[in-house]
Amino acid sequence: MNDVLEERIEIIEEMAKSMGLDYYPINYEIVPQETMLEVISYGLPTRARHWSYGQSYEYQKMQGEMGFSKIYEVVLNNNPSYAFLLDTNTDIANTMVSAHVIGHVHFFKNNFLFKKTDNKMVYHAAERAQRIEEYIQKYGLEAVERVMDIGFSLDRHIDWHKGPNREPYKGEGKYFKKTGFDDFDDLLSQEEFSLKEVKDKAGFPPHAELDILWFLINYSRVLDPWEMDVLEIIRQESYYFYPQYMTKIINEGFASFIHAEIMLKLKCIEGPEYFDFCRIHERVVQPGGNKLSINPYFLGFSILTKAREEWDELYKNGDSDIDGIQKVYQIVNDEDDISLIRNYLTEDLAKELQLFSYENLRIPSGGEAIHILGTELDRVKEAIVRDLYNYRAPIICITDVEDGILQVEHQSTNVGTLDLKYAKVVMKYIYEAWGSPLNLQTIDSEGNILHYTYDELGFSE
Amino acid sequence: MPKASKTDKSLSDIWKLKQRGKRDSDRHKKLINDAIKKNGRDLITEYNIITSDGDKKIKIPIRFLDRYKFKYGNLKNKSKIGQGLDVKPGDKFRLRKKNEDKEGAEPGDKEGEVSFEAEVSIDEIVDILLEELNLPWMEDTKSSEIEIETEDLSSIEKRGILPNLDLKKTLFENLKRNAAKGTPKIANINENDLRYKTWEVNKERHSNAAVYLMMDRSGSMSREKTYIAKSFYFWMVQFLKRRYKNISLIFVAHDARAWIVDEKEFFSVNSSGGTLCSTPFELAHNHIQENHPPSTWNNYVFEFSDGDNWGDDNIRALEFINKLIPMVRAIGYGEITPDAEGAIWMSDESRLSNFLEKNVKRTRFVSIKITSREEVFDALKMFFNIDNSAKKI
């Protein structure tokens, strides 16, 4: 890192603290584009290898080469935090990025969702990657990849409220023993009453289970300890990433808010450099050329800026105990994207930004069109938050185990149908990990209930 | 750095990820190649490929390399969010083409998730699927003209990608370096020791070759039949161009008469008219006589037809084939008879293939029947590996 930047970061950190920002120590690393792409594609650069990161890496590289996206920084949620800055950025760009990074790290330390994440994840991921490396040595790359494929196919199905570290269900140990569930292979030769007892003793799992990997790790009879470990590693990482998925708008918005705040106060920046800053800042927090999507940086930045103005006004008139910036900190502590949009996107702002909801249309004569659905606040909010739930995944639960057969239910049928092509493969994965057949209940487009089965003969409807 | 100095080590030290992205993308690439190999039979008649112009990269869906998750199919609420337009409910806007490929505007029903398509070039597919193919019975003729490119893992370099690391050479270099310091043992391997195998293109000189690609385009050639013939020829052209530089390709279309067309026309001709299968062989015969004397040229003649020919003309075709045989390295005849489209009124006897098989008794005449798209791949392998398989026997 050059002296200019180093000096500036020192000034910025001082300023950040005087503004009341509270964040983990940050290690800044200046890296070449290539490393940056690696960090981006892995999400956590220390985690275990998998071909899919190679796929993202290729994708990122292509995006970069085609000039679609310029990555200014990556910052890892960890204590201490690691921030990667691009070596080809100008000093002024990296100055701004450093200020931006502080916003993110404050967010990591204070946001209610992030408080539940493992802030030593970078090191834990490295240890886990080491274990996976050993499994690869021992069991072969393909066997390990297979288990990882299974893990990744289910990693969005977590139960955030129960959290990553859970106790097994109470009392279900007896459940298995009583019914001879252990000797599943002998089920056919079991006494009739024993089978009945399984059915009568309804309530396993005791509630619809959202955390599918957790269930498989704890209750499957066919997984080896190392396979459970691999699945658990992926599951832990999923909990780690979940808050990032849920806070894209607010986190980027806040980081942009902070870098603007700091940069405007930074006295050492003047003349042409100041114009450069304005240019980059504009680029980050502009609506974006594409009218058919929103730039999360811009939306988050606009909402927070608006909230600040409003609360400064309230504070001035004695209607609030806290001023604008304190309000922004409070929002950042308490909200995720969904609640930010619900609570702080105002009618005025939606008008100002000319937000609208639309749907795609196919023109019979060929080509594409859009149909404007509305500009009312509720409609607009709904269109924004629609994609933000549950890692964008359908809600799938394990509802029951009957005679060893896993009953799986697609519960968010009010949102849409399942993509069957994908569901088939995931069912196969579950079958492999569970070791016995499974049924999946879902609906078709007309709302009729459908049942699919995956067993030793494969998929059937 | 203020504060940060508590944990002094840089993250790069912790993860030591040197070229991790590269390693995993090599792995990804390998899985794609495996997928291509595994799906070769279907891939080879993939419509999008056959209709591409052969130069550009094509996207092929590699399904099981997708990252499978439960995801939504049809969404009930398909509304999306846009910004920066002064619009009213009910307004409709036509999208310009440009927006379609880009973000946000993908059509309708499905969730806006990127499903994985491998981007590979035709050449890559040729290398993966058709690596062992060649023109059979090629001989050195007087004027050596064409070059063939083969790749060998031959030289050892200091730079390279990890999968190509030459362990033996690397250990040897390390030993050498330590020995120079007075401690002849293998220890402390560092970057200076690494040695990689690299690919080197060897140019071999080969003889002239002229290949005649002839195709029935008469009315009886249904869309499916034509498609099968075109698939075959498409890959044949790709692999010939890939393997042999300066090869001469002559495209011939025929119905009741035969004429030379250029490559583009050849792949876009429509079917109509009657059939006289002797005509392309006659044309090839005359063309070779005038332009490609067998003393200096390796000549190859291929014809694809549905075999729905006139009895008299079968005899005439036989005549020209017999005349051609001494002038060429090989004649290939492919007959396309999709099961579903069986011409019941035609006795098997009168089929050109049966007639020729019965009457041409030369090893260098190869006839093959193709009944479905799935067989194109095998037909290619059969035609262009014939001398090797013969050698094996």
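Partly exposed means a relative accessible area between the buried limit of under 20% and the exposed limit of over 50%. That scale is used throughout this tour of a predicted model.

**Stop 1: A:Glu10**

Select A:Glu10. Its relative accessible area is 42%, so this residue counts as partly exposed. A:Glu10 belongs to helix 1 of chain A, which runs over residues 3-18.

**Stop 2: chain A as a whole**

Colour the chain by secondary structure to find 18 helices and 11 strands. The C-alpha trace spans about 85 × 55 × 55 Å along its principal axes.

Chain A has 461 residues, and 56% of them count as buried. The accessible area is about 20000 Å², with 49% of it belonging to carbon and sulfur atoms.

Then select the charged side chains of chain A. For contacts in chain A with a separation of 6 or more, 72% are between residues 24 or more positions apart.

**Stop 3: B:Leu175**

Move to chain B and select B:Leu175. This residue lies in helix 7, residues 167-180. B:Leu175 has a relative accessible area of 31% and is therefore partly exposed. With B:Leu175 they make up a nonpolar surface patch, and the accessible area of the four together is about 350 Å².

**Stop 4: B:Thr226**

Go on to helix 8 of chain B, residues 223-243, and pick out B:Thr226. Is B:Thr226 buried or exposed? With a relative accessible area of 9%, B:Thr226 is buried, because the limit for that class is under 20%. Show its neighbours too: leaving aside residues up to four places away in sequence, B:Thr226 touches B:Met221 and B:Ser271.

**Stop 5: chain B as a whole**

Of its 393 residues, 48% are buried. The accessible surface of chain B is about 20200 Å², and carbon and sulfur atoms hold 49% of that area. Among contacts in chain B between residues at least 6 apart in sequence, 82% link residues at least 24 apart.

How values were computed:
Residues are numbered from 1 along each chain as its sequence is written. Chains are lettered from A and ligands numbered from 1 in the order in which they are written. This is a predicted model: local features need pLDDT of at least 70, side-chain atom pairs count only at pLDDT 80 or more; totals for chains, interfaces and linings use all residues. Side-chain values use heavy atoms; hydrogens and water are left out. Helices (H or I, at least four residues) and strands (E, at least two) are DSSP runs, numbered from the N terminus. Buried means under 20% relative accessible area, exposed over 50%, partly exposed in between (1.4 Å probe, protein chains only). Contact means heavy atoms within 4.5 Å. Accessible areas come from the Shrake-Rupley method with a 1.4 Å probe; for residues, only the protein chains shown count as cover. Patches are made of residues with over 30% relative accessible area and no salt bridge: like charges are joined within 9 Å, nonpolar side chains (Val, Leu, Ile, Met, Phe, Trp, Tyr) within 5 Å. A salt bridge is a side-chain nitrogen of Lys or Arg within 4 Å of a carboxyl oxygen of Asp or Glu.
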